[in-house]
Amino acid sequence: MTLSRTTPAGDRIVEPMVALAGCSKQHRIVVAGARGVELMLELQRRGYVRTAATANCGHPAGQYDVALVDWRRRTFKTLEVALDWLVDFLSPSGLVVVWVDPQKAVANEALRLSLEQRGFVIEGGIVHDCGCAVSARRRQVNPVRKAA
């Protein structure tokens with residue numbers, strides 16, 4: 001089997017997703033989507049060794065700092081189900097980046113609203129030739145109280 005030297009679309013989104021998330025190589029990252037394992041392997045090849053795909057990420061215990069979600073060519077309804085499941089894998093200050101196909105403004109607003117309804121605060125977004133992404137951080141549910 002020979003490997004192609006062309007850059008698959010999945011590889012093209014790795015760099016912008018990592019930049020949008022502000023990932024360091026020390027972050028624990030979980031990758032979701034149809035090509036989650038491929039993206040995980042690409043991240044590991046780039047030195048992000050604390051990366052897992054949802055196929056091998058264990059039970060949800062708030063153990064990941066970042067979730068990178070490649071949801072191109074998939075429906076918004078299935079994305080909402082995936083987000084409901086993924087939130088339990090993220091730490092209280094965890095960040096999620098969702099990459100989707102190029103969309104109309106109304107669809108992007110629906111994605112942002114969906115993340116906000118799940119307790120996230122939108123931090124940024126990016127438009128790219130192979131889609132667009134939104135980054136959002138979990139809202140602190142119980143902020144640390146200062147001692148009197």
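A nonpolar core is a set of buried Ala, Val, Leu, Ile, Met, Phe, Trp, Tyr and Cys residues joined through side-chain atoms within 4.5 Å. In this predicted model, the largest such core has 24 residues.

**Nonpolar cores**
- Within the largest core, the residues that touch the most other members are Val 69, Leu 79, Val 96, Val 98 and Leu 115.
- Two or more residues of this core come from each of strand 1 (29–33), strand 3 (64–70), helix 3 (76–86), strand 4 (90–100), helix 4 (105–117) and strand 6 (131–138).
- Another core, of 18 residues, lies apart from the largest one and includes Val 14, Met 17, Val 97 and Ala 133.
- Beyond its neighbours within four places in sequence, Val 69 contacts Met 17, Ala 32, Leu 79, Leu 86, Val 96, Val 97, Val 98 and Trp 99.
- In soluble globular proteins, nonpolar side chains tend to be buried together.

**Helix 3**
- The buried residues in helix 3 include Leu 79, Ala 82, Leu 83 and Leu 86.
- Viewed down the axis of helix 3, its buried residues fall within an arc of 100°, and therefore they line one face of the helix.
- Strand 1, strand 3, strand 4 and helix 4 are among the elements that cover these buried residues.
- Exposed residues Lys 77 and Val 81 are carried on the face of helix 3 turned away from its buried side.

**Ser 91**
- Ser 91 is located in strand 4.
- Ser 91 counts as buried because its relative accessibility is 10%, and buried means under 20%.
- Leaving aside neighbours within four places in sequence, Ser 91 is in contact with Gly 62, Tyr 64, Asp 65 and Arg 138.

Key: Residues are numbered from 1 along each chain as its sequence is written. This is a predicted model: local features need pLDDT of at least 70, side-chain atom pairs count only at pLDDT 80 or more; totals for chains, interfaces and linings use all residues. Side-chain values use heavy atoms; hydrogens and water are left out. Buried means under 20% relative accessible area, exposed over 50%, partly exposed in between (1.4 Å probe, protein chains only). Helices (H or I, at least four residues) and strands (E, at least two) are DSSP runs, numbered from the N terminus. Contact means heavy atoms within 4.5 Å. The arc is that of the directions from the helix axis to the C-beta atoms.
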